[in-house]
Amino acid sequence: MRWPYNLSLREIQILHLVTSGASNPNIAEQLFVSPRTVSTHIEHILAKMGCDSRTRLAALAVSEGLLLAENPSRRSRKLAGH
């Protein structure tokens, strides 16, 4: 499946968490990655979607229906066996 804006599945997961108001450290903890990795993903998402802030990113994600039906951190925990 191809996501809009050529986003990867991981970028969609992070976009979902950004839109829910999660901070980079919180996203990192939920997805079992480093905060720097989250920051890099967010930089890529901002560039791909042509946004200059997390607020605009979240508004665009909501308006275009890019959010996941399930919280990605819950899915990650299921995959990790938690």
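From the N terminus on, the elements of the protein chain run α-α-α-α-α. The model is predicted. Its secondary structure comes to 5 helices and 0 strands. Of the 82 residues in the protein chain, 38% are buried. The chain exposes about 4,900 Å², and carbon and sulfur atoms supply 53% of that area. Contacts across the sequence were also counted. Among those between residues at least 6 apart in sequence, 63% join residues at least 24 apart.

Helix packing was examined next. Two packed helices are described by the angle between their axes and the distance between the axes. Helix H1 spans residues 9-19, and helix H4 spans residues 54-63. Their axes come within 9 Å and cross at roughly 110°. H1 is therefore roughly perpendicular to H4, because angles of 65 to 115 degrees fall in that class. On the H1 side, the contact is made by Leu15, Val18 and Thr19. H4 contributes Arg54, Leu57, Ala58, Ala61 and Val62. By class, this contact of H1 with H4 has 6 nonpolar, 1 polar and 1 charged residues. Thr19 of H1 takes part in the contact and is polar by class. Arg54 of H4 also takes part and belongs to the charged class.

Helix H2 covers residues 24-31, and helix H3 covers residues 35-49. The two pack at an angle of about 110°, with their axes 8 Å apart. That angle makes H2 roughly perpendicular to H3. Asn24, Pro25, Ile27 and Ala28 of H2 make the contact with Pro35, Val38, Ser39 and Ile42 of H3. The residues of this contact divide into 6 nonpolar, 2 polar and no charged. Asn24 of H2 and Ser39 of H3 are in the contact, and both residue types count as polar.

Charged pairs were then considered. The count comes to 3 salt bridges. One of them joins Glu11 and Lys48, with the closest N and O atoms 2.8 Å apart. This pair links distant parts of the chain. Glu11 lies in helix H1 and Lys48 in helix H3, 37 residues apart. The two partners fall in separate accessibility classes. Glu11 has a relative accessible area of 4%, so Glu11 is buried, the limit being under 20%. Lys48 is partly exposed, with a relative accessible area of 35%.

The C-alpha atoms of His44 and Glu11 are separated by 8.2 Å. Along the chain, these two residues are 33 residues apart. His44 has a relative accessible area of 40% and is partly exposed.

Another salt bridge is formed by Arg36 with Glu43. The closest N and O atoms of this pair are 3.6 Å apart. Arg36 has a relative accessible area of 53%. Arg36 is therefore exposed, because the class begins over 50%. Glu43 counts as partly exposed, at 42% relative accessibility.

Arg56 and Asp52 form a further salt bridge. Here the closest N and O atoms are 2.7 Å apart. Asp52 counts as exposed, at 56% relative accessibility.

How values were computed:
Residues numbered from 1 in each chain as written. Predicted model: local features only at pLDDT ≥ 70, side-chain atom pairs only at ≥ 80, totals over all residues. Heavy atoms only, no water. Axes fitted to C-alpha atoms, helices over the stretch in contact; angles between N-to-C directions. Helix = DSSP H or I, 4+ residues; strand = E, 2+ residues; numbered from the N terminus. Parallel < 35°, antiparallel > 145°, perpendicular 65-115°, else oblique. Contact = heavy atoms within 4.5 Å. Buried < 20%, exposed > 50% of the residue type's maximum accessible area, 1.4 Å probe, protein only. Salt bridge = Lys/Arg side-chain N within 4 Å of Asp/Glu carboxyl O. Areas by Shrake-Rupley, 256 points an atom, 1.4 Å probe, with all protein chains shown as cover.
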